[in-house]
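This note is meant for a colleague meeting the structure for the first time. The points below take up a pocket, a sheet with its helices, and a pair of rings.

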Amino acid sequence: MTRHRLHILPLGVSAALAALATPALAGRPDAPRAVVAAKFAAVNRHAVADIVAFYAPDAKVTASDFCKPRQGRADVERTYQALFAAVPDVVADVQDYIVEGDRVAVRFVVRSRLPGRTFDVPILDVFTVRDGLISEDDGLFDNRGRPCTP
């Protein structure tokens, strides 16, 4: 079993390294999992620019609470900015990774402990990673009947 260490870098430095490193990761067999794991590390740092850097320019993102698929880095940025503004303490607690070729399924729990707004939402997300970047991101969870967001 190969062990990987994740090093947390200051905001901006990790985005620059991600931009440089993803082409080098593309040929490695563990590349899809490494890209997705690094994306989750950026999510837990609330590093929007770093998150966006892991997505292809034309990435397609779907989720149970979206009215329609979101497309491209601008939509990824908008999505995470809105999430972090609405839930400033949100974290993603990854439970499992399942990798098959360029596809990575991730089971995780999104958590918040804000007073009066505590929640734990289990999510299954399936990513497709091509050329070291996330090209598809399909999140599935119980939306509890809430209206979708544009």
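1. The model is a predicted one, in which local features need pLDDT of at least 70 and side-chain atom pairs count only at pLDDT 80 or more, while totals for chains, interfaces and linings use all residues. Residues are numbered from 1 along each chain as its sequence is written, and side-chain values use heavy atoms, with hydrogens and water left out.

2. The largest pocket has a volume of about 1,000 Å³, a volume being the space filled by probe spheres set on grid points that are joined across faces, edges and corners. Its lining comprises 39 residues, and those nearest the centre are Asp65, Phe66, Leu83, Ile123 and Phe141. Two or more lining residues come from each of H2, S1, H4, S3, S4, S5 and S6; helices (H or I, at least four residues) and strands (E, at least two) are DSSP runs, numbered from the N terminus. H4 contributes the most, with seven residues.

3. By type, the lining of the largest pocket divides into 23 nonpolar, five polar and 11 charged residues. Here Ala, Val, Leu, Ile, Met, Phe, Trp, Tyr, Cys and Pro count as nonpolar, Asp, Glu, Lys and Arg as charged, and the others, Gly among them, as polar.

4. An open sheet is formed by six strands in the order S2-S1-S6-S5-S4-S3, with mixed pairing; two strands pair if DSSP finds at least two bridges between them. Strand S2 (70-71) and strand S3 (91-100) are the edges, each pairing on one side only.

5. S5 (residues 119-130) and S6 (residues 133-140) run antiparallel and are joined by seven bridges. Thr128 has Glu136 in S6 as its bridge partner, and Val126 stands opposite Asp138 in S6. Two residues separate the strands of this hairpin, where Asp131 takes a positive phi near 55 degrees.

6. S1 and S6, by contrast, run parallel and are joined by five bridges; Tyr55 has Ile134 in S6 as its bridge partner. S1 and S2 form a hairpin with six residues between them, and Val61 stands opposite Arg70 in S2.

7. Three aromatic pairs are present in the structure. The ring centres of Phe40 and Phe127 lie 5.9 Å apart with planes at 85 degrees, so this pair is edge-to-face. Rings of Phe, Tyr and Trp (its six-membered ring) pair if their centres lie within 6.5 Å; planes under 30 degrees apart count as stacked, over 60 as edge-to-face and the rest as tilted.

Methods. 1 Å grid on protein atoms, 1.4 Å probe; cavity = no way out; pocket = protein on both sides within 12 Å on 5 of 7 lines; lining within 4 Å.
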